[in-house]
Amino acid sequence: MKTILITGGAGFIGSHVVREFVVKYPEYKILNLDALTYAGNLENLKDIESAKNYEFIKADITDQKHIQHIFETYQPDGVIHLAAESHVDRSITNPLEFVMTNVIGTVNLLNSAKSIWEGNYEGKRFHHVSTDEVYGTLGEEGFFLESTAYDPHSPYSASKASSDHFVRAYADTYGLPVVITNCSNNYGPNHFPEKLIPLCIHNILNNHPLPIYGDGKYTRDWLFVIDHAKAIDLVFHEGLNLEAYNVGGFNEWKNIDLVKELCRQMDQKLGREQGTSEQLITFVKDRPGHDLRYAIDATKINQELGWKPSVTFEEGLSITIDWFLSNKAWLENVTSGDYQHYYEKQYTAE
Ligand code: NAD
Ligand code: TYD
């Protein structure tokens, strides 16, 4: 039986990856290691928590001794590393926390993998889950390729870029069998409501303003989270060592157009007159150092591994809204507590 350690499995993307592996690979033991920060929520995994091949371990990846102990106890064959501080706006107010988790935490995991595998790398793999934000920003044209030079601008993307460099350094220096995926913006069920799409769903439901940074012309490439989980599964099993794979939705939207599409679908689903939710759109102060445009060229993973998104954006968005409408208790739970304080600080200065 293979043992796969997934970090950050209680978070948004991690919970979908954990579910994909637990259900698809009953012959694997899936360990979900998570510190349960404000973004981690075991409610995300309620449906699989009693599966025989699943175990949750509460641990902080910055705690090197605890991480080493876990690796020695469980002897994982593979690591899929998603645990991270993930929100750009939070990184602007507290960069050091991002250095600790995203950089130091990653190096702790690399060290522990290296120490238990002891140069015997047969059947072993360290899969680092990263972001397209490491490439910086694009103008109106062009796409990020795997060969695009790193040029991060926010403390979040700088910390992720740094962690990617460490992962490659451990491959080059110690021969660690690593693979990296750099994905575009995800959306879907369980998305934490401080990110654009779930924040707007929450605010439309509660008739609160929809805060659009700057002129709203910033462009992101959106991918349905389950398609990201499937890409991770594919790369973990079939990707080549030391390679990076860009993962994207072939699906660019300017923020303002995306929010208008969201308003259209929400009005329809809530039985409100078309145009009602759009009136909530409010332009607010821009994010400092805001990257203009992200767009992934996902040709490599498509041609080499046969991956492509399985749903259109309209379908994915509809599934997402339906999920939030049927899980209002989840939404209310996570929008209390720490998030409430964050929200007050982030938006009441306007
Ligand atoms: P998230 O913030 O929803 O979840 C992060 C998880 O990591 C949480 O469960 C949290 O409790 C856990 N965590 C945080 N600090 C930890 C620590 N010190 N020790 C152990 N666990 C800790 O993030 P997400 O959106 O699911 O992103 C997951 C990964 O995917 C991240 O590495 C992120 O950089 C990457 N990524 C995200 C996106 C996106 O659009 N969300 C896109 C591309 C790549
Ligand atoms: P976000 O969901 O935070 O993801 P990222 O910064 O990683 O791309 O933001 C997506 C886009 O939406 C980004 O251009 C910032 C913008 N945005 C707003 O306009 N208003 C908001 O309240 C938030 C959270 C984001």
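The side chains of Ser-277 and Asp-267 are joined by a polar contact of 2.5 Å. A polar contact is a pair of N or O atoms within 3.5 Å; within protein, one must be able to donate a hydrogen and the other to accept it, and residues adjacent in sequence count only if both atoms are side-chain atoms. This is a predicted model, in which local features need pLDDT of at least 70 and side-chain atom pairs count only at pLDDT 80 or more, while totals for chains, interfaces and linings use all residues. Residues are numbered from 1 along each chain as its sequence is written, chains are lettered from A and ligands numbered from 1 in the order in which they are written, and side-chain values use heavy atoms, with hydrogens and water left out.

Ser-277 sits in the loop between H8 and strand E12 (281-284). Helices (H or I, at least four residues) and strands (E, at least two) are DSSP runs, numbered from the N terminus. With a relative accessibility of 1%, Ser-277 counts as buried. Buried means under 20% relative accessible area, exposed over 50%, and partly exposed in between (1.4 Å probe, protein chains only). Neighbours within four places in sequence aside, Ser-277 is in contact with Ile-204, Leu-210, Cys-263, Asp-267 and Arg-272. Contact means heavy atoms within 4.5 Å.

Leu-210 also belongs to the residues with the most contacts inside the largest nonpolar core, together with Ile-197, Ile-201, Val-259, Leu-262 and Phe-313. A nonpolar core is a set of buried Ala, Val, Leu, Ile, Met, Phe, Trp, Tyr and Cys residues joined through side-chain atoms within 4.5 Å. This core has 29 residues. Two or more residues come from each of helix H6 (196-205), strand E8 (210-213), strand E9 (219-224), helix H8 (255-270), helix H10 (313-326) and helix H11 (328-334). Leu-262 touches Ile-197, Cys-200, Ile-201, Ile-204, Leu-317 and Ile-321, residues up to four places away in sequence not being counted. A second, separate core of 26 residues includes Val-107, Leu-109, Leu-110 and Phe-126. In soluble globular proteins, nonpolar side chains tend to be buried together.

The next part is ligand 1. There are 28 residues around ligand 1, of which Ile-13, Asp-34, Ser-86, Tyr-156 and Lys-160 come nearest. A residue is near a molecule or strand if one of its heavy atoms lies within 4 Å of it. An oxygen atom of ligand 1 is 2.8 Å from a polar backbone atom of Ile-13, and an oxygen atom of the ligand is 2.7 Å from an N or O atom in the side chain of Ser-86. A nitrogen atom of ligand 1 is 3.2 Å from an N or O atom in the side chain of Thr-101. On its own, ligand 1 has 840 Å² of accessible area, and the protein covers 96% of it. Accessible areas come from the Shrake-Rupley method with a 1.4 Å probe; for residues, only the protein chains shown count as cover.

Helix H1 (12-24), strand E5 (125-131), helix H5 (155-174) and strand E7 (185-187) each give two or more residues to the shell around ligand 1. The largest share, three residues, comes from E5.

Strand E5 also holds Ser-130, which is buried at a relative accessible area of 6%. The side chains of Ser-130 and Asp-164 form a polar contact of 2.9 Å. Ser-130 and Asn-182 are 52 residues apart in sequence, yet 4.6 Å apart in space, C-alpha to C-alpha.

Ser-15 is in helix H1 and counts as buried, at 0% relative accessibility. Its side chain reaches the backbone oxygen of Gly-11 at 2.8 Å. Leaving out residues up to four places away in sequence, Ser-15 touches Gly-9, Asn-44, Leu-45 and Asn-190.

Two loop residues remain. Most residues other than glycine have a negative phi, and most peptide bonds are trans. Gln-75 has a positive phi, near 45 degrees; this residue is in the loop between helix H2 (64-74) and strand E4 (78-81) and is partly exposed, with a relative accessible area of 40%. Leu-242 has a positive phi near 70 degrees; Leu-242 lies in the loop between helix H7 (225-238) and strand E10 (244-247) and is partly exposed at 42% relative accessible area.
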